[in-house]
Amino acid sequence: MQKGKGRTSRIRRRKLCGSSESRGVNESHKSEFIELRKWLKARKFQDSNLAPACFPGTGRGLMSQTSLQPLFAEAVDSIFSYSALLWAWCTVNTRAVYLRPRQRECLSAEPDTCALAPYLDLLNHSPHVQVKAAFNEETHSYEIRTTSRWRKHEEVFICYGPHDNQRLFLEYGFVSVHNPHACVYVSREILVKYLPSTDKQMDKKISILKDHGYIENLTFGWDGPSWRLLTALKLLCLEAEKFTCWKKVLLGEVISDTNEKTSLDIAQKICYYFIEETNAVLQKVSHMKDEKEALINQLTLVESLWTEELKILRASAETLHSLQTAFT
């Protein structure tokens, strides 16, 4: 028996290559991946370092063909903008997402340049920071860079960062269920919708909020209205005789029980307004799914976004109800 050909040698090689439980089965030969490769090749996408594979526990993903070192980068053809071609490999549980080439180039491109990418659910994502993706302004291409070493045949994950579902939806084309960063944004118009129209100090209050950065990023989250949202409402609800206390409000001080209760009441009204609006949208999307079967995948994605927002709003409503009990 030749040295290195026995059972002990085979076991040693398995250990060096890693546990078979974490290794994927290459699926490049399957028809759907062959079709995707042709679609990508027609758009000048080339890559020999990653291959589609099925992994135990995570399902479809990308497998490294070679050992990858930190700062390894794969660039997408520069004809596509920030939200473009590489999504075909990065989108999770989405089978069709419109690509958005630069407008100028899209106008002069071939008719199918703005087509739908087939079979987009090819790459799983992970909350761990292992791979970073961004548009490189210098090279005018979208790049994915690994921040750690990857052994050959290991599954490569992409980390999207702490983004809410709206940003994931708009920039990456998927929605994360139970996303801890998910939230519902409150616009300036909605912020004042349920406030007294007779408040002569309203313009001044809005100006103060704007000057101190409290007019944007006001949200409802899984744990209720954000501190910024409640702070903005407390300032807007200040009685005329308490208006001079606005700096204390921004510092988080309690001005009065009346102010606290009023701001919570308005927050609840805004929350209920959003719940009604969200339910209405979901009903509309449901009807559209019945009428427009060709758009079923896109509509399902939109539906998942609004469904997650409805869950957040309901959780916020419960939190607000609990907070209000302290004043009853």
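**Aromatic contacts and confidence in a predicted chain**

Ring pairs link Tyr194, Phe220, Tyr273 and Phe274 into a cluster.

Trainee: What is the mean pLDDT of the chain?

Mentor: pLDDT is the predictor's confidence in each residue, from 0 to 100. The mean for this chain is 75, and 66% of the residues reach 70 or more. Over residues 13-21 the pLDDT is below 50, and that stretch has seven contacts (heavy atoms within 4.5 Å) beyond near neighbours in sequence. Residues 71-124 also stay under 50; for them the model has 161 contacts beyond four places in sequence. Where pLDDT is low, the predicted coordinates should not be read in detail.

Trainee: How many helices and strands are there in the chain?

Mentor: Helices (H or I, at least four residues) and strands (E, at least two) are DSSP runs, numbered from the N terminus. The chain has eleven helices and ten strands. Among contacts between residues at least 6 apart in sequence, 68% join residues at least 24 apart.

Trainee: How many aromatic pairs does a search of the whole structure find?

Mentor: A pair of aromatic rings is described by the distance of the centres and the angle of the planes. Rings of Phe, Tyr and Trp (its six-membered ring) pair if their centres lie within 6.5 Å; planes under 30 degrees apart count as stacked, over 60 as edge-to-face and the rest as tilted. The search finds four aromatic pairs. In one of them, the ring centres of Tyr194 and Tyr273 are 6.4 Å apart and the planes stand at 65°, so the pair is edge-to-face. Tyr194 belongs to the loop between α6 (188-191) and α7 (202-211), whereas Tyr273 is in helix α10, 79 residues apart. Phe220 and Phe274 also form an edge-to-face pair, with 6.3 Å from centre to centre and 80° between the planes. Here strand β9 (residues 219-221) supplies Phe220 and helix α10 supplies Phe274, 54 residues apart.

Trainee: Is Phe220 buried or exposed?

Mentor: Buried means under 20% relative accessible area, exposed over 50%, and partly exposed in between (1.4 Å probe, protein chains only). Phe220 is buried because its relative accessible area is 0%, and Phe274 is buried at 13%. Tyr194, at 29%, counts as partly exposed. Of the 328 residues of the chain, 45% are buried.

Trainee: Which charged end sits over the ring of Tyr194?

Mentor: A charge sits over a ring if NZ of Lys or CZ of Arg is within 6 Å of the ring centre and within 35 degrees of the ring normal. The charged end of Lys193 does this over Tyr194, 5.8 Å from the ring centre. Arg228 lies over the face of Tyr214, at 5.0 Å from the ring centre.

Trainee: Where does Lys289 lie, and what does Lys289 touch?

Mentor: Lys289 lies in helix α10 (residues 257-291) and is buried, with a relative accessible area of 19%. Leaving aside residues up to four places away in sequence, Lys289 touches Ile296, Leu299, Thr300 and Glu303. The side chains of Lys289 and Glu303 are joined by a polar contact of 2.9 Å (a pair of N or O atoms within 3.5 Å; within protein, one must be able to donate a hydrogen and the other to accept it, and residues adjacent in sequence count only if both atoms are side-chain atoms).

How values were computed. Residues are numbered from 1 along each chain as its sequence is written. Side-chain values use heavy atoms; hydrogens and water are left out.
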